[in-house]
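Here is a short briefing on the structure below.

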Amino acid sequence: EKCDVGLYGLAVMGQNFALNMASHGFKVCVGNRSSSKVDTTVQRAKNEGNVPVVGAKEIEEFIARLNKPRKVIILVQAGKPVDQTISKLSAFMEPGDIIIDGGNEWFPNSIRRAEDLTPKGIHFIGMGISGGEEGARNGPSLMPGGPKQAYDLLAPIFEKCAAQVSRTGPCVGYLGPIGSGNYVKTVHNGIEYGDMQLIAEVYDVMKTVLKMENEEIADQFAEWNKTELDSYLIEITEKCLRKKDDMTDGYVVDKILDKAGMKGTGRWTIQEAAERGVAAPTMAAALDTRLLSARKEERVAASKIFSSPSVDESIDQARVVEDLKAALYASKICSYAQGLSLIKAASDEFNWNVDLSECARLWMGGCIIRAKLLDSIQQAFSNDPDLDNLLVDAGLSKEIIDRTPAWRRTVALCTTSGIACPSLCGSLTYFDTYRRERLPASLTQAQRDFFGGHTYERIDMNGRFHTAWTDAHRDIGDVNQRV
Ligand code: NDP
């Protein structure tokens, strides 16, 4: 009997996603470059009892074991390994077969691979997967982009294996043509960076300015997780803060070296934001902070030169904590607004037609950024698919207005205390820039015209204009003119 689906690449993600599909009754054939992982996976499936997994150690056998049209999910290291794997697998595949790359991939690579496979008639889907090891096993968020008719053949499998949200269904759905799924996953990760940085900043204030104990801070996050801030990242923050260290006494979090790592998707988001001309200060600040955190030795040296300002002892802790909560939520809305604007810009540029309410729906379960806020975001974009920016949605704009005073007090407190809050402040800056009818960009335009003759538009007349700003300009033949 042949298998419903093949899974090639059996590291953390592949192994768990194979078992996930098998435990929903799909017959899965598994393969991997080094064959020991095939044995491990088959053994794990046996240990779990009910799951139909078949191992194949040679590529030809792996492909031969699949029902046509063959469906192969690959979960190998992103980049070159994906090209190598596709080339080996496709040698034994036929027109109509489908390859799904589930890795964190830079979207142009998926577009190129789809083009390379087109002459062979093989369909290619680039599908972001979020939820880590646990999600892959028990229900991830799946973000597929590729040919719709190929996706439709996979939908029955993916809809069973994805995270299930009672009100909105499985966290998978067709996002658009090839590249769009990887793009949405990349931005998901950028938003994840922003959310994590916002939480870190709030933690920093509670720890450094308010001098709260870990357990007290954890209690606060637990409390917040019952409110509009309800989210996976808030939930795990509480758990991270409470974890006692087995090796020495005290808490694990206090022993961890303060250098944040990264694998690249956050950087891609910021590169893309610049490329598409979309402001993303909250996520960019998260990236900057990780970069600075990595320079631990330099920071240690700098800390000997510069001291922190003294902290005001008369601070009202309860009030500051309330303010932090409001600031965190308002900042989070701004961060999602940036991420969704970025997806919108790419979707317009590449004619993907990505439905932003569908993005929000796919993120409601299984993934790292799952959060109650996504309910309101989905609502906002289903009410108005052409909404210019999340901030101007009727419901969310009110939530922001209510929180603005607390948000400003929080950023002010950080500033006077010498606690960097680039993401809280980046969000507030985004808001304060976006909400203003008139900006000092008028002066920027004047300067550009002054030194580079770049011209400017006026508020009172149509057309483009140039000014001879000084006598020196006139001396070289410059004149005031409409151009
Ligand atoms: P890794 O990214 O660690 O990749 C290891 C796998 O890639 C192994 O199966 C390895 O085979 C295979 N591999 C490496 N080079 C080659 C090659 N040249 N040819 C064939 N196979 C190769 O695995 P993960 O499970 O962590 O991640 C898989 C994908 O999913 C990645 O794109 C990752 O970014 C993404 N992802 C990971 C998440 C996570 O939490 N880990 C979460 C979401 C997405 P071998 O055993 O022979 O060395």
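Which of the 23 residues around the ligand come nearest? They are A11, M13, R33, P81 and G103. Keep in mind that this is a predicted model.

**Ligand shell**
- By class, the shell has 11 polar, 9 nonpolar and 3 charged residues.

**The sheet**
- The sheet is open and has 7 strands.
- Its strand order is β3-β2-β1-β4-β5-β6-β7, and the pairing is mixed.
- In general, strands of a sheet pair through backbone hydrogen bonds, in either the parallel or the antiparallel sense.
- β3 (53–55) and β7 (141–145) stand at the edges.
- Each edge strand has a single partner, so one side of it is left without a neighbour in the sheet.
- From one strand to the next, the twist averages 25°.

- β7 pairs with β6 in the antiparallel sense, over 5 bridges.
- S130 stands opposite S141 of β7.
- Is β7 buried or exposed? Of its 5 residues, 5 are buried, so β7 is largely enclosed by the rest of the structure.
- S141, M143 and G145 point one way from β7.
- L142 and P144 point the other way, and these residues are buried too.

**Helices across the sheet**
- Helix α5 (residues 107–117) lies across β5 (98–101) and β6.
- α5 runs at about 155° to β6.
- Helix α7 (residues 148–161) lies across β1 (5–8), β4 (71–74), β5, β6 and β7.
- α7 runs at about 60° to β5.

**The two sides of α5**
- Which residues of α5 are buried? They are F107, S110, R113 and A114.
- These residues cover an arc of only 115° around the axis, which puts them on the same side of α5.
- As a general point, an α-helix has 3.6 residues a turn, so residues three or four places apart point the same way.
- P108 and E115 are on the other side of α5, and they are exposed.
- The buried residues of α5 pack against α4, β5, β6 and α8 (180–209).

**Shared elements**

Note on methods:
Residues are numbered from 1 along each chain as its sequence is written. This is a predicted model: local features need pLDDT of at least 70, side-chain atom pairs count only at pLDDT 80 or more; totals for chains, interfaces and linings use all residues. A residue is near a molecule or strand if its C-beta atom, placed from the backbone, lies within 6 Å of it. Ala, Val, Leu, Ile, Met, Phe, Trp, Tyr, Cys and Pro count as nonpolar, Asp, Glu, Lys and Arg as charged, and the others, Gly among them, as polar. Two strands pair if DSSP finds at least two bridges between them. Helices (H or I, at least four residues) and strands (E, at least two) are DSSP runs, numbered from the N terminus. Axes are lines fitted to C-alpha atoms, for helices over the stretch in contact, and angles run from 0 to 180 degrees between N-to-C directions. Two residues are in contact if their C-beta atoms, placed from the backbone, lie within 7 Å. A residue is buried if 20 or more other C-beta atoms lie within 10 Å of its own, exposed if 12 or fewer, and partly exposed in between; C-beta atoms are placed from the backbone. The arc is that of the directions from the helix axis to the C-beta atoms.
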